[in-house]
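Thanks for coming. I will take a few minutes to walk through one model, starting with the whole chain and then going to local features.

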Amino acid sequence: MIVIQRLNLGNLSKEKEVIAAHGMGCSVMRKLIMLSALTLLIVVSMAPSTPTTPFRLVHLHSLNLACNDFNLSQIPSQIGRLSRLTHLNLSFSSLSGQIPQQIFNLSRLISLDLSLYDYGLKLHNPSFKDLVQHLTNLKVLHLSSVSISSRVPKLLANFSSLESIRLIDGGLQGEFPVGIFQLPNLKILDLSENTDLKVSQGRFHTHSVTFASLFILTSQIITLAQVFFILLDWQSNQDHYFATSRSQLDSLALSSNELQGSIPSNVSRLKNLEGLDLHSNNLVGSVDLSAFLQLKKLSIFILSFNSLTLITKNSTTASTPNFDVLGLASCNLAGFPRFLHSQDQLEFLDLSSNNIQGKIPSWMCGISTNYLDYLNLSHNLLSGFEKEPALFQWAQIRILDLRSNRLHGSLPLPPSSTLSYLISHNKLVGEVSALLCKLSALETLDLSFNNLSGSLPHCLGNLSDSLSLLDLRRNNFNGSIPLTWRTGCRLRMISIGYNQLQGKVPRTLAKCSSLELIDFGNNLIIDRFPSWLRNLQDLRILILRSNGFYGVIDKPQAKGFSNLRVIDLSHNSFTGKLSSIHFEIWDAMKVINASLMTYMGDSMGPNDWFPAGAYYGQYDYSMLMYNKGLELEYRKIPSILTAIDFSYNKFEGEIPDIIGNLQQLYLLNLSNNLLNGHIPSSLANLTELECLDLSRNMLSGKLPPELSKLTFLSSFDVSYNQLEGSIPRGNQFDTFESNQYEGNKGLCGAPLKKKCENFEASPQERSNVVEDDDTGSVFEFKWMIGLIGYGSGFIFGVVVGHKITRKKHDWFVKTFGRKQQHRSQRVNRRRSRS
C-alpha cells in the first residue's frame with residue numbers, strides 16, 4: 001500500500017509527505033518505490049519553476065527510497081538540505097562510502113534506517129558518537145551492516161523515546177551500555193554478529209518488550225535458559241514472571257548463534273507467541289511437539305539444524321495453529337508429523353535432513369495446495385509416492401527440493417509455477433518427458449545422479465529465457481546435446497558430464513553470455529576445441545575431459561577466457577604445442593585474492609518472500625576432478641580454486657615459461673603427453689601450487705632447485721621422463737617418495753637409493769617457514785569433502801556462514817512483519833472464491 005498523506009501538485013515547495021511503502025518485501029516494494037520516483041518526476045516536470053531534484057524539496061517530512069539499486073554510489077551531501085525530515089529510509093539500496101556529515105542537519109529525524117545486507121556504508125569520520133549527539137529525537141535507529149567499528153555511545157541510554165535499535169554486524173566494540181536495557185519504550189534490540197562487543201546481563205523493562213532479537217554474541221557460549229534470563233528479565237518466581245510478562249512477548253528470534261542446552265518447557269506458556277526461530281544452534285534433548293501446538297497464535301516455528309529429537313506421537317490434528325512457516329529440518333523425525341493433515345495455509349515447509357522413510361503419503365501431496373511456496377524433503381529415506389503423481393498439485397510452489405532420497409520410478413513433473421526443481425541423487429529411471437519444456441518459469445533443474453536414460457528433449461533450449469542452472473550429470477542420456485539455445489539465453493551453469501551424449505558442442509551456447517560453468521566431461525563428443533567459448537566473459541570453469549576432442553587448439557585472435565579459473569581438457573586427443581598465448585590471457589589465475597573466499601553458486605528463485613533463499617535454497621556449483629589418480633567430487637567450489645589439467649593428450653614441445661605468471665594456480669597436471677625440454681624454473685613462482693604432475697613425458701635436464709620454495713606442494717610427480725641430476729631437498733621435497741621420481745635414470749639423491757657423486761652440489765633450498773595451524777589448504781579441504789562426504793569445512797563456516805546468518809535474520813523479521821497482511825489477503829481470497 002502506498003500512503004500519501006499530502007501531495008500538493010500546485011506548489012511542490014509546500015509538499016509535506018512523499019511516498020511511503022509499508023509492509024512489503026523488497027522486490028514488491030522496489031516496484032512501488034520506482035513508481036513513486038516516477039510519480040515524483042512527473043510532478044516535478046509539471047512545475048517548470050521547481051527544482052528537478054528531491055533534495056530541493058526542503059519541506060519533505062518523509063523520504064523512503066529503500067530496496068533500490070544505487071550502484072554503490074554515496075549518499076549525496078545535499079541530503080542535509082532536507083532539514084524538516086522526520087523519517088529517512090535508504091535501507092538495502094546498494095549505497096557505499098562514508099555517511100556524510102550533512103546528515104546531522106536532519107535534527108528532527110525520528111526514524112533513520114540505513115541498513116544493508118553487506119558492508120558498504122561507513123560511519124567512521126564522522127563517528128557513531130557524532131551521529132548520536134546530533135540526532136537526539138530518534139525513535140528508530142537501524143544501521144545494520146554499516147561499518148561502525150567503535151564503542152556504542154553511552155549517550156544512547158538517554159534516548160528515552162527509542163523504540164527500535166538494530167546494529168547487526170557493525171563491528172561494535174567494548175562494553176555495551178547497560179543503561180540501554182532500561183529504556184522505557186524499547187521494543188526491538190538487535191546487536192547480533194558483533195563478535196567484539198561485550199554484553200552484560202542487563203534487564204529489560206518487561207512491560208515494553210514486544211520483540212527482541214538476540215543480542216548475545218556468537219563468541220559467548222550460553223544456554224537457552226540464560227538467554228531467557230537476560231532477554232526477558234527472568235524472575236526467581238517463574239509463575240509470577242509468566243503472569244506479568246507473557247502477554248507482551250510475541251516473537252523470539254535466536255537463530256544462528258551458539259546456544260546450548262535444552263529448550264525450557266516454560267516457553268510453551270508464552271500464549272501470545274507468534275514467531276519462534278531457534279534454528280542453527282547447539283540445542284539438544286527431546287522436544288514434545290504438542291507443547292508448541294498449544295500456542296494458538298504461532299505461525300512461524302523453526303527448530304531446524306540443532307541436535308534435537310522432536311516427539312510427535314502426542315501431536316493431534318485438532319485445534320493446532322495454522323502455520324505459515326514451519327522449519328523442522330534435522331529434528332530426527334522418522335515420519336511425517338500427523339498435525340500436517342490440518343495445515344491449509346503453509347507457505348514454507350522444511351522437513352529435510354531427517355529419517356523419514358517409506359513412501360510419501362497421498363495426503364502429504366494435498367496439504368496447502370493453494371499456498372505452499374517452498375517444500376524441502378531432501379536428505380531423507382523416501383522411496384516413492386503412495387500414489388504416483390502425474391503432476392504435483394501445489395498450485396503456487398516455486399521451490400521443490402527432493403534431493404538425496406531413494407525415490408524410484410519415472411520422473412514426476414512439477415507444477416508450472418516451479419522455479420527450482422531439485423531431485424538429484426535418487427533412483428529415477430526412464431526418459432524425460434518433453435512436457436518438462438512447458439515449465440516456462442523454470443530457473444533451476446537438477447536431475448543429476450539418477451538412472452534416467454534416452455535422449456534429452458531438444459525443446460530444453462526453449463527454456464533459454466528462464467533456465468539458469470541445468471545439472472544432468474551421472475545419468476544414461478544418449479543422443480545429441482540440445483542445439484536450440486536462443487538469443488538472450490540466461491544459462492549460467494550447464495553440467496551434463498558422465499552420460500553418453502554424442503555429436504558436437506552446440507555453437508548456439510555462444511548466445512548464453514552469462515555462462516560460468518560448462519561441464520561436458522565423460523561423454524562421447526567428437527569435436528575440435530570450441531575456441532568460440534572465449535567470448536563468454538563470465539566463464540570460470542570449462543570441463544571437456546574424457547571425450548573425443550582432437551586437433552590443435554587455435555591461437556586466440558583476440559583476448560578471451562579472462563575469468564577462466566578451472567580448465568580440464570584431459571583424456572582427449574589434442575595435439576600441437578602449448579601456446580604461451582593461452583596462458584597469458586588467463587588473467588583470473590594470476591592474482592592471489594583471498595577476499596574471494598566464497599563458493600560458486602546461486603540462490604534459487606527470487607527472494608521477495610523469503611530473503612533467506614541463500615540459506616534454504618542455495619544451489620552450490622559442483623564438479624569432479626582427478627588428483628593423484630583419485631576421482632574427487634567437489635560438492636562446493638571455492639571461488640579461489642584454480643586448476644589446469646591437460647593430461648592424457650598428445651601435446652608436444654616445451655612447457656612455456658609464462659605459466660609461472662599464474663600465481664593463483666593450485667593444480668597443474670601436464671602428465672601423459674609428449675612434452676620435452678627443461679622444466680621451467682618459473683614454476684617456483686606458483687606459490688599457491690599444491691599439486692604438480694609432469695609425469696610420463698620426455699622432459700630432460702635437472703629439476704630446478706627453486707621448486708623447493710613451493711611450501712604448499714603436497715602432490716608432486718615427475719616419474720618416467722629423462723631427468724638427471726640431484727633431487728632438491730628441503731620443505732615439501734623431504735616428504736615425497738621414490739615412486740614419484742622413478743623412470744628417470746639420471747636422477748640421484750634421497751629418496752632414491754642412487755646417491756649423487758658430488759653430494760655437496762646437491763641443491764639445498766630450505767626456507768624458514770613459520771607454520772600456522774590456522775592456515776588452511778583448498779585442496780586439503782576438498783580432500784575432506786571428496787573422501788568424507790558432504791562437509792561444510794572452515795571456509796564455509798567462516799565466510800559463507802556470515803552471509804547466511806544475516807539474510808536468514810532479515811528474512812525472519814520481514815516475514816513476521818508481513819504475516820498479518822498476508823493472512824488478511826488469504827481471508828479475502830477465500831471470501832472471493834466462496
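**Chain, sheet, cavities and backbone**

The chain exposes about 34300 Å², and carbon and sulfur atoms supply 49% of that area. Before going further, note that this is a predicted model. The chain has 834 residues, and 56% of them are buried. In secondary structure, the chain comes to nine helices and 52 strands. As for contacts, take those between residues at least 6 apart in sequence: 59% of them join residues at least 24 apart.

What is the strand order in the open sheet of six strands? The order is S25-S27-S29-S31-S33-S35, and the pairing is parallel. Strand S25, residues 408–409, and strand S35, residues 524–525, stand at the edges, each with a single partner strand, so one side of each has no neighbour in the sheet. As a reminder, strands of a sheet pair through backbone hydrogen bonds, either parallel or antiparallel.

Let me go through two of the pairings around S29. Strand S27, residues 427–430, pairs with strand S29, residues 451–455, in the parallel sense over two bridges. In that pairing, Gly-430 stands opposite Leu-452 of S29. On to the next pair: S29 is joined by three bridges to strand S31, residues 476–480, and these two run parallel. Here Gly-454 stands opposite Phe-477 in S31, and Ser-455 stands opposite Asn-478 in S31.

Most residues other than glycine have a negative phi, and most peptide bonds are trans.

Phe-449 is not a glycine, yet has a positive phi of about 55 degrees. Phe-449 sits in the loop between strand S28, residues 444–446, and S29. Is Phe-449 buried or exposed? The relative accessibility of Phe-449 is 18%, and the cut-off for buried is under 20%, so Phe-449 counts as buried.

Arg-474 also has a positive phi of about 55 degrees and is not a glycine. The place of Arg-474 is the loop between strand S30, residues 469–471, and S31. With a relative accessible area of 27%, Arg-474 is partly exposed.

Next, the cis bonds. The peptide bond from Asn-125 to Pro-126 is cis, with omega near 10 degrees. Pro-126 is in the loop between strand S7, residues 121–122, and helix H2, residues 128–134. Ala-750 and Pro-751 are also joined by a cis peptide bond, where omega is about 10 degrees. Pro-751 lies in the loop between strand S52, residues 746–748, and helix H8, residues 778–788.

The largest cavity holds about 130 Å³ of space. Which residues lie nearest the centre of the largest cavity? They are Phe-529, Ile-553, His-582, Trp-586 and Phe-646, out of 16 residues that line the cavity. By class, the lining of the largest cavity divides into 12 nonpolar residues, two polar and two charged.

That is everything I have on this model.

Methods: Residues numbered from 1 in each chain as written. Predicted model: local features only at pLDDT ≥ 70, side-chain atom pairs only at ≥ 80, totals over all residues. Heavy atoms only, no water. Pairing = 2+ DSSP bridges. Helix = DSSP H or I, 4+ residues; strand = E, 2+ residues; numbered from the N terminus. 1 Å grid on protein atoms, 1.4 Å probe; cavity = no way out; pocket = protein on both sides within 12 Å on 5 of 7 lines; lining within 4 Å. Points joined across faces, edges and corners; volume = space filled by probe spheres on them. Nonpolar A, V, L, I, M, F, W, Y, C, P; charged D, E, K, R; others polar. Buried < 20%, exposed > 50% of the residue type's maximum accessible area, 1.4 Å probe, protein only. Contact = heavy atoms within 4.5 Å. Areas by Shrake-Rupley, 256 points an atom, 1.4 Å probe, with all protein chains shown as cover.
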